[in-house]
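This report looks at a pocket and at the strand pairing beside it. Please read the text with the sequence and the model side by side.

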Amino acid sequence: MAKPTATAPMRVVEETPAYWRVVFDYPPFNIVDADIFESLQNLLVRMDTSQNLRVVVFESAIPDFYLSHFDLTGKLGNIMTAIGASGLPILMDTFVRLTKSPVVSIAKIRGCARGVSSEFVLACDMRFASRENTRLGHPELGVGLHPGGGGTERLPHLVGRGRALEIVLSANDFDGDTAERYGYVNRSLPDAELDGFVDALARRIASFDRRALATAKNLVNQVSLPSADRLLASFTSFGTALTWPEAQQRIQAVLEHGLQRDTDFEKSWPAVLGSLIETGKKGMSR
């Protein structure tokens with residue numbers, strides 16, 4: 001029987017000793033801040049020390065928001081400066097350790113997953129999305145920044161250079177079907193079928209031997225992952241970009257117009273980024 005374990009701002013449901021579901025539940029929008037990273041760091045320790053565990057599925061309890069994006073109000077604690085077990089800063093360390101964990105990770109995506117949240121699902125081993133309810137993307141360029149958590153390193157391997165540039169430079173949303181066609185996600189499924197499909201896949205993987213799973217995953221990792229040096233260079237550049245005056249101006253503009261406060265704006269804000277500064281001067285209408 002599934003056994004829930006509270007781990008704010010997410011909870012772990014142990015479906016079986018070999019298969020866990022991790023449910024993000026951080027109202028109202030599952031904003032990614034220091035608390036999310038602390039919970040993920042604690043989870044990684046549990047995952048790697050649970051010898052019966054084979055697979056973990058990450059999902060959201062909030063239908064319209066998988067994980068929204070980086071907290072732009074500054075609630076980041078030490079994730080940009082403290083060093084994790086991999087020798088990388090906590091933000092990057094979390095994603096690298098997830099990718100290299102012997103446990104298989106699956107992102108089951110409903111709702112918005114943008115910026116660092118897209119980078120989280122890219123760090124997972126597989127991604128499955130709701131056809132009707134997925135908004136994936138990298139809006140960083142629209143707020144004067146660039147991806148810094150692995151997006152620019154992982155996307156080209158999955159979707160190719162041209163589509164990676166389209167995703168990053170457009171700062172736009174991509175629906176489930178487009179994400180599947182591009183290779184951003186493994187599959188886009190009708191929302192009513194998503195839970196059953198992912199559960200069946202996870203239980204199948206959980207039935208296999210841990211050593212064989214871990215070895216196969218490691219072999220794929222060796223020919224498909226970006227180097228730590230490249231990831232660190234991107235992360236360092238992102239930290240610098242956060243100090244750029246033009247980035248500060250754009251970040252302030254989206255916060256003033258409802259980001260992280262207004263549900264409707266939170267769902268659709270990449271749509272206004274192309275005219276953000278111009279309309280910000282006049283007063284944006286929504």
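## Pocket and strand pairing

The largest pocket has a volume of about 320 Å³, where a pocket is an open set of points on a 1 Å grid over the protein atoms alone at which a 1.4 Å probe fits, with protein on both sides within 12 Å along at least five of seven lines, and a volume is the space filled by probe spheres set on the points, joined across faces, edges and corners. The model is predicted, with local features needing pLDDT of at least 70 and side-chain atom pairs pLDDT 80 or more, while totals for chains, interfaces and linings use all residues. Residues are numbered from 1 along each chain as its sequence is written, and side-chain values use heavy atoms, without hydrogens and water.

Lining this pocket are 16 residues, with Asp125, Val220, Asn221, Ser224 and Leu225 nearest its centre; a lining residue has an atom within 4 Å of a point. Helix 3 (116-123), helix 4 (151-159) and helix 8 (210-224) each give two or more residues to the lining, and helix 8 supplies the largest share, 5 residues.

| Partner of strand 7 | Sense | Bridges |
|---|---|---|
| Strand 6 (residues 104-114) | parallel | 8 bridges |
| Strand 9 (residues 187-189) | parallel | 3 bridges |
| Strand 8 (residues 173-174) | antiparallel | 2 bridges |

Ala107 stands opposite Arg127 in strand 7, Ser130 has Leu189 of strand 9 as its bridge partner, and Leu136 faces Phe174 in strand 8.

Conventions:
Helices (H or I, at least four residues) and strands (E, at least two) are DSSP runs, numbered from the N terminus. Two strands pair if DSSP finds at least two bridges between them.
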